[in-house]
Amino acid sequence: MMDKDSAAKRIHELRTVLEHHNRRYYQQDAPEISDAEYDQLMRELQDLEAVYPDDDLASSPTQRVGSAPLSRFAPFSHPQAMLSLANAFSSQEILDFDSRIRRLANQDRMDYVAEPKLDGLAVNLIYEGGFFRHGATRGDGFTGEDVTQNLKTISSMPLRIKQIESLVVPEFIEVRGEVYMEKKPFAKLNRRREENDEEPFANPRNAAAGSLRQLDPKVTARRPLNIFLYGIGTVRGIHFTSHWEILQALAQWGFPVNPLICQAEDITACIDYFGHIHSIRPGLPYEIDGVVLKVNKLSGQETLGNVSRSPRWALACKFPPEQATTLIRDILLQVGRTGTLTPVAIMEPVSVGGVMVSRATLHNEDEIIKKDIRIGDTAVIQRAGDVIPEVIKIMEAKRNGQEKIFRMPSRCPECGSEIVRLQGEAAHRCINLSCPAQIKEHIRHFASRGAMDIEGLGEKVSAQLFDAKLINDPADLYFLKKEQLLGLDRQANKSAEKLLDAIERSKTPPLDKFIFALGIRHVGEQTAKILAGHFGSMENLMKANTDDLTALNEIGPEIAQSIVEFFAEDKNRKVMGKFHLAGLSPQFHNQVTDTILKGKAFVFTGSLESMGRNDAKALVESLGGFVQSSVTGRTSYVVTGSEPGSKLDKARREGITIISEKDFLKLIGR
Ligand SMILES: [Zn+2]
């Protein structure tokens, strides 16, 4: 058992880490860890919080369903919150769930509905008078993103509830379901993306999420999306008594309902169902990661109610991660953008959960030593949800004495420079700034979507340009000539023009995107935004010393040091000079022109009449204030538009000043 202080420290660490992974997963569609690892961290935090509850519990990741929506789609407040489900990872936990709720409901036997758990994106569809009116992603469970137009492009989703004689069409209903992409179209989409030198999606779930959250519905329409509906929220005009009855009605109304859903008379039947679905999983056309059990009778659901973030009457039973055994042929080193060397196991190809796998990450040297992984070993590898598999353990009994111990080389495999291991880091790095592997990665990062967003300049083209000695740093891109490109294979006249156009268009990037694109260590998208907002120009940022930087709340000494070192480096200064020479001019619009709202935090809820949410945000920022996505102790004002959401209730509870749109306009003198 941990003592109180170390528990508090661990709780803090876990919350920070989970917040980070939530952002990677929900907002950037780019998870860094497997679902199984995420679940494990979440469980550790839940367990610690159960023993050591503290004041910050209410805002802990364990209390959130997902995360805040991106700002680029209009926020949508769900009429009824979309809760997430509690998880079970073993039959014992499934049995425990059953005995717990039977005790609470005072029942000898509970009947359930059992459903395959699709690995997609949860959505909420609103039908009024039988017509589809709004659709939104789950978001944080209370507020999601309004993706109505994109949802309409999914052909299997009815825009109108089918009228049949025996069934009333409800005047208002929220229908819940999952948008997903089948395995085959997913593979095809990724092949096409790789051909176009675009980043492939990590898995079908990310592909579905990325496709549904396209700002241009036309792009969504071209993506092979599907939907299954499995539940309802608020409903008016019809009364149901069981979940099974709801599913029957949904099917009759024309909603796609998964044909594998069935009734289970007790928990034993549920466990059988789990085993059956697990066995047919590889042959299913879509990815699933478990089975969901729901108490069938709605009266039973009502009695059981909710506990914090989950309904007590439902359970997500997760499949164990997929494992396989195979031979490690070799261990290679991959050089990242910042010079990090990641050892990768090259393996005899093997099928793990229906996907052929031939590489697994070994993370770092410590990990290899800890697990005693040697070249020639037979290893158990695991793939959990996402596609980067890892080595769980090696099978010592299979050794024949020929296995070779892996040693971190003293020199970089790509450039021959010295490798160092910095203090306090698990990773080894190549510190040669001219290392070709690093430069290629660096250029790829510079051009990537979250950075300068230069279309057509992915991994392959970056490497091609570098290998042909046409570019040696990102600034060289702006000096490329068409004739040079025509010399490369694959670069026909038209695509060369397209690439040069895209490069030209990137010459006036938003300041924060440019700062992020530079690839300064520890400066991610968020930090880049903070730096842009505070310094307002490249010149100011380059002049800043560590004191100027650490004066900002969000910038710690490590980040400050890294920024100062970056701009002090001779090579980087030269590259900056070249950007300038090329006419690259980062734009900064959110210039603070006034400070009447200095330090004031605003939360908006409901829709405003006189302006959109993004305009309101820009306005507040231009006056020195800032906008929060949810009500916190720091919130100064909650501005209510029409149909405000749950934020209003929270503001009332917390005693925060609530003002109307009119008051807001008065406040800022308009
Ligand atoms: Zn190197």
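Ile375 counts as buried, since its relative accessibility is 15%, where buried means under 20% relative accessible area, exposed means over 50% and partly exposed lies in between, computed with a 1.4 Å probe on protein chains only. This is a predicted model, in which local features need pLDDT of at least 70, side-chain atom pairs count only at pLDDT 80 or more, and totals for chains, interfaces and linings use all residues. Residues are numbered from 1 along each chain as its sequence is written, and side-chain values use heavy atoms, with hydrogens and water left out.

**Ile375 and its surroundings**

- Ile375 is placed in strand β17 (residues 374–375), with helices (H or I, at least four residues) and strands (E, at least two) taken as DSSP runs numbered from the N terminus.
- Not counting residues up to four places away in sequence, Ile375 touches Ile328, Arg329, Asp330, Ile331, Glu403 and Lys404, a contact being heavy atoms within 4.5 Å.
- From Ile375 to Phe567 the C-alpha distance is 41 Å, and the two residues are 192 apart in sequence.

**Domains**

- The protein chain is assigned domain 1 (4–63), domain 2 (77–318), domain 3 (322–404) and domain 4 (601–667), with bounds that come from an automatic or database domain assignment.
- Taken over C-alpha atoms, the centres of domain 3 and domain 4 are separated by 51 Å.

**The zinc site**

- Which protein donors hold the zinc ion? They are the SG atoms of Cys412, Cys415, Cys430 and Cys435, at 2.2 to 2.4 Å from the ion, where donors are N, O and S atoms within 2.8 Å of the metal (3.2 Å for Na, K and Ca), and sites may look incomplete as water is not among the atoms.
- The arrangement around the zinc ion is tetrahedral because the four donor atoms subtend angles of 98 to 118°; four donors count as tetrahedral if all angles lie between 85 and 135 degrees.
- Along the chain, the donors of the zinc ion follow the spacing C-x2-C-x14-C-x4-C.
- Distant parts of the chain are linked by the pair Cys415, in the loop between β20 (404–405) and β21 (419–421), and Cys430, in strand β22 (residues 428–430), which are 15 residues apart.
- Cys415 is partly exposed at 26% relative accessibility, whereas Cys430 is buried with a relative accessible area of 2%.

**Nonpolar cores**

- The largest nonpolar core has 52 residues, and those with the most contacts inside it are Ile454, Leu477, Tyr478, Leu531 and Phe579; such a core is a set of buried Ala, Val, Leu, Ile, Met, Phe, Trp, Tyr and Cys residues joined through side-chain atoms within 4.5 Å.
- Among the elements that give two or more residues to this core are α12 (436–447), α13 (459–467), α15 (493–505) and α21 (570–581).
- Leaving aside neighbours within four places in sequence, the contacts of Tyr478 include Phe446, Met452, Ile454, Ile503 and Phe579.

**Aromatic pairs**

- The count comes to 17 aromatic pairs, with rings of Phe, Tyr and Trp (its six-membered ring) pairing if their centres lie within 6.5 Å, and planes under 30 degrees apart counted as stacked, over 60 as edge-to-face and the rest as tilted.
- The rings of Phe602 and Tyr637 are stacked, because their centres are 5.3 Å apart and their planes lie at 25°.
- This pair links distant parts of the chain, with Phe602 in strand β23 (residues 601–605) and Tyr637 in strand β25 (residues 637–640), 35 residues apart.
- Phe602 is buried at 0% relative accessibility, and Tyr637 is buried with a relative accessible area of 18%.
- Phe602 also forms an edge-to-face pair with Phe664, at 5.7 Å centre to centre and 70° between the planes.
- Elsewhere, ring pairs link Phe446, Tyr478, Phe514 and Phe579 into a cluster.

**Positive phi values**

- Most residues other than glycine have a negative phi.
- Asp453, however, has a positive phi near 55°; Asp453 sits in the loop between α12 and α13 and is partly exposed, with a relative accessible area of 48%.
- Glu643 likewise has a positive phi, of about 50°; Glu643 is in the loop between β25 and α23 (646–654) and counts as exposed at 73% relative accessibility.

How values were computed: Tetrahedral: all angles 85-135°; square planar, octahedral: opposite > 155°, others 65-115°.
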